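Let's take a walk through this protein together, starting with its open spaces and ending with a sheet and the helices on it.

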Amino acid sequence: MPSCDPDWCLLRPGEIVKIFGEDGMGKVVEIPSDMTARDLCQLLVYKSHCVDDNSWALVEHHPALGLERCLEDHELVVQVQASMTSESKFVFRKNYAKYEFFKNPLNFFPEQMVAWCQDSNGTIPPSQLLQNFLNSSSCPEIQGYLYVKETGRKSWKKLYVFLRRSGLYYSAKGTSKEPRHLHLLADLEDSNIFTVIAGKKLHNAPTEYEFCIKPNKVRSEQKELRMLCAEDEQSRTCWMTAFRLFKYGILLYQNYKIPQQRKALLSHFPAPMRSVSENSLVAMDFSGTIGRVIDNPVEAQSAALEEAHAWRKRSQRMNTLGSPSPLHPSSLSGVIHKTQLWFHGRITREESHRMMHQQGQVDGLFLLRDSQSNPKAFVLTMCHHQKIKHFQILLCEEDGQMFFSLDDGTTKFTDLIQLVEFYQLNRGVLPCKLKHPCTMVAL
């Protein structure tokens, strides 16, 4: 049995699982056989000292097949591991989009793709959209064209496809829904849906928006995989989200509600008491020869603001002291952003796209990186309506001081942290506020 870091092992014996961080380094963990993906993520969050914002996920990754998927919170980790090959691995990473469809269902289900099984012309009212997916007695379906890879061949065929609770079907005659024209493509119950990585290179896919339905019993046989390709990111997301809802139904909603229920439970407990030392703090005035306690609260607040202003002026002088500009290596404002989890240095545009996709292309997901075209500039990369957009952050000068700006100097900031914090509170020239930092974690 592999050796296990004692700090990462649980008290009761169980199965050995190896988890990888996004830096490629792995950590061996011993877990009980009944541990769910959510519980393992909670353990990893605790041991890695991450911020627990309920957006962490355990990813099942198959490098040889170019497939990956996020485990559902209720799935048993040991059970999933039993269906994986020796090359496959678990990766611990963010997934902000895991339950985003419960918050913004209309962004995930375009009206033209959702219909009732009984009536090809009827659509589901937006107010009842998710209720119909969760209700096992209702019959919504997803419909539209998909490219389907022909079994045992390299060619793809464009077919009109229907996703129902009973499975994925294609029509042998145009868009006909008559039972005699429908043929089963894949079963939902004993399969899982995966994103395909580098589908164009591996499978000669017609677009970049490939996904795959993989039977649980299949480990590495590509001929058993059902490869599919959508026209764009929104339709691929729609197909994959509907698959999850049809397969798991109300279980997904229960998974989504658990963190909110825990938060509500904790809110009933009284707030922690302030420490004695904190309670004993008082405002002091040291402007004279002898310090005095400031009793007047208005005077105390004024003194605090004045001290804060003086501290900022001292900080700015220290930042520029002995350096011609804030971008000098010794300048705090020029390098302080490097300590932030949302800053990723000299990564390429393609790498930023990959990270955005892996962590869920939800509105407000963002990162900052060095500009490849301008060595003195930075780039804000963010998601909006499942599209990735890039905004260049330039340096501008005013009264001999350098500032950062992404709107040609209309709004200026002394450092990138100040810029990010502003756009987290204000949309400004961006399509939406910055909400979710795209981060990488090392276990």
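On a 1 Å grid over the protein atoms alone, a pocket is an open set of points where a 1.4 Å probe fits, with protein on both sides within 12 Å along at least five of seven lines, and its lining residues have an atom within 4 Å of a point. Grid points are joined across faces, edges and corners, and a volume is the space filled by probe spheres set on the points. This is a predicted model, in which local features need pLDDT of at least 70 and side-chain atom pairs count only at pLDDT 80 or more, while totals for chains, interfaces and linings use all residues. Residues are numbered from 1 along each chain as its sequence is written, and side-chain values use heavy atoms, leaving out hydrogens and water.

The second largest pocket holds about 580 Å³ of space. It is lined by 23 residues, with Arg-38, Asp-53, Asn-54, Ser-55 and Pro-259 closest to its centre. Helices and strands here are DSSP runs (H or I, at least four residues, for helices; E, at least two, for strands), numbered from the N terminus. Helix H8 (250-266) gives the largest share of this lining, 6 residues, and helices H1 (37-48) and H3 (100-103) each supply at least two.

Now turn to the largest pocket, with a volume of about 1,000 Å³. Among its 36 lining residues, Glu-208, Arg-236, His-353, Arg-354 and His-357 lie nearest the centre. By class, the lining has 9 nonpolar, 13 polar and 14 charged residues (Ala, Val, Leu, Ile, Met, Phe, Trp, Tyr, Cys and Pro count as nonpolar, Asp, Glu, Lys and Arg as charged, and the others, Gly among them, as polar). Helix H12 provides the largest share, 7 residues.

E20 runs parallel to E16 (residues 365-370), joined to it by 2 bridges, and Phe-366 stands opposite Pro-437 in E20.

Methods: Pairing = 2+ DSSP bridges.
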